[in-house]
Amino acid sequence: MSVEQYLIKVQPYYRTVGNEVELYEAAYSARMPVMLKGPTGCGKSRFVEYMAWKLKKPLITVACNEDMTASDLVGRFLLDASGTKWHDGPLTVAARSGAICYLDEIVEARQDTTVVIHPLTDHRRQLPLEKKGELVNAHADFQIVISYNPGYQSLMKDLKQSTKQRFGAIDFDYPEAGVEAEIVMHETKVDKATAEKLVQIAHRARNLKGHGLDEGISTRLLAYAGSLIARGIDPRAACQMTLVRPITDDPDMRETLDAAVAMFFPGT
């Protein structure tokens, strides 16, 4: 099966912040399953795209959700004009063809769904298709990558130890201020001063995590704000739309964040 459509042909922009590229390359050479852990919007998905491009491997991404079933991952029989026909799911396509399969925010999927990856993440590297009566031996180039945000997990919604201990893990976090400003400038084309102000607003919001905010302002949201500002939107209005309103509905918290925005973008 051709997976040409899953090759990333244009280099994604990714700013290295540590030894994550070196670690991932070593893990891929060993075909080690990899878990990316970090807050929302800190660059985990972009990193996977960058590594797939760098390694010249196709990337099949699955956005996990609570309605996703095992059949959504591995495949199912469907009716067509000629009768009943088996259709591989994204995990099976990746295993057969030697792609990197990226399961984004895996804890959003039901635990009875995620266990289907277990035989692919140990020495067996196999995927049983029980409904079809087939055992798929993973291609030599196949690798599985998962991501999740530990800050959002609870005892009722977390990965089982039997799943976690099948992966090597790389921690991600928001970049330090200078690097994050550089990323915002690259992604949005705003000037350095504006990018630095946006980052400072984000840092103030992140300090409120656990004190009224479930999660701080992500690098992704900073890019949204910069994109609006670059298109002529008033900076305070842009920040309210992208940095404040999405992350809280609490009136007092909104007032606090609006005040932080006004501090850096006064009189606009």
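**The open sheet and the helices on it**

Tutor: Happy to! Let's take the open sheet, which has 5 strands in the order 2-5-8-1-9 with parallel pairing. Two strands count as paired if DSSP finds at least two bridges between them. Helices (H or I, at least four residues) and strands (E, at least two) are DSSP runs, numbered from the N terminus. Strand 2 (59-63) and strand 9 form the edges, each pairing on one side only. Neighbouring strands of this sheet are turned by 20° against each other on average, with direction ignored.

Before going further, a word on the source: this is a predicted model, in which local features need pLDDT of at least 70 and side-chain atom pairs count only at pLDDT 80 or more, while totals for chains, interfaces and linings use all residues. Residues are numbered from 1 along each chain as its sequence is written, and side-chain values use heavy atoms, with hydrogens and water left out.

Strand 2 and strand 5 pair in the parallel sense over 5 bridges, and leucine 59 stands opposite isoleucine 100 in strand 5. Helix 1 packs on the sheet, where it touches strand 1, strand 5, strand 8 and strand 9; the direction of helix 1 makes about 140° with that of strand 8. Helix 2 packs on the sheet as well, touching strand 1, strand 2, strand 5 and strand 8, and its direction makes about 175° with that of strand 5. For these angles, axes are lines fitted to C-alpha atoms, for helices over the stretch in contact, and values run from 0 to 180 degrees between N-to-C directions. Contact here means heavy atoms within 4.5 Å.

Now turn to helix 1 itself, residues 20-29. Glu20, Val21, Tyr24, Ala27 and Tyr28 are buried in this helix; buried means under 20% relative accessible area, exposed over 50%, and partly exposed in between (1.4 Å probe, protein chains only). Looking down the axis of helix 1, its buried residues fall within an arc of 130°, so they line one face of the helix. That arc is taken over the directions from the helix axis to the C-beta atoms. The face turned away from the buried side carries the exposed residues Glu22 and Ser29. As for what covers the buried residues, the list includes strand 1 (34-37), helix 2 (44-55), strand 5 (100-104), strand 8 (143-148) and strand 9 (168-171).

Just after helix 1 comes arginine 31, with a positive phi of about 55°. The side chain is worth a glance too: arginine 31 lies over the face of tyrosine 28, at 4.1 Å from the ring centre. The criterion is that NZ of Lys or CZ of Arg is within 6 Å of the ring centre and within 35 degrees of the ring normal. Tyrosine 28 is one of the buried residues of helix 1.

The aromatic rings come next. The structure holds 6 aromatic pairs, where rings of Phe, Tyr and Trp (its six-membered ring) pair if their centres lie within 6.5 Å, and planes under 30 degrees apart count as stacked, over 60 as edge-to-face and the rest as tilted. Tyrosine 14 and phenylalanine 47 make a tilted pair, 5.3 Å centre to centre with 55° between the planes. Tyrosine 14 lies in the segment before helix 1 and phenylalanine 47 in helix 2, so this pair ties together parts that are 33 residues apart in sequence. Tyrosine 14 is buried at a relative accessible area of 15%, and phenylalanine 47 counts as buried at 0%. One aromatic cluster is formed by Tyr14, Tyr24, Phe47, Tyr50, Trp53 and Phe172. Its member Tyr24 also belongs to the buried residues of helix 1.

Lysine 56 lies in the loop between helix 2 and strand 2. Although not a glycine, lysine 56 has a positive phi of about 60°, and it is exposed, with a relative accessible area of 66%. Glutamate 105 is in the loop between strand 5 and helix 5 (111-114). Glutamate 105 is not a glycine either, yet has a positive phi of about 50°.
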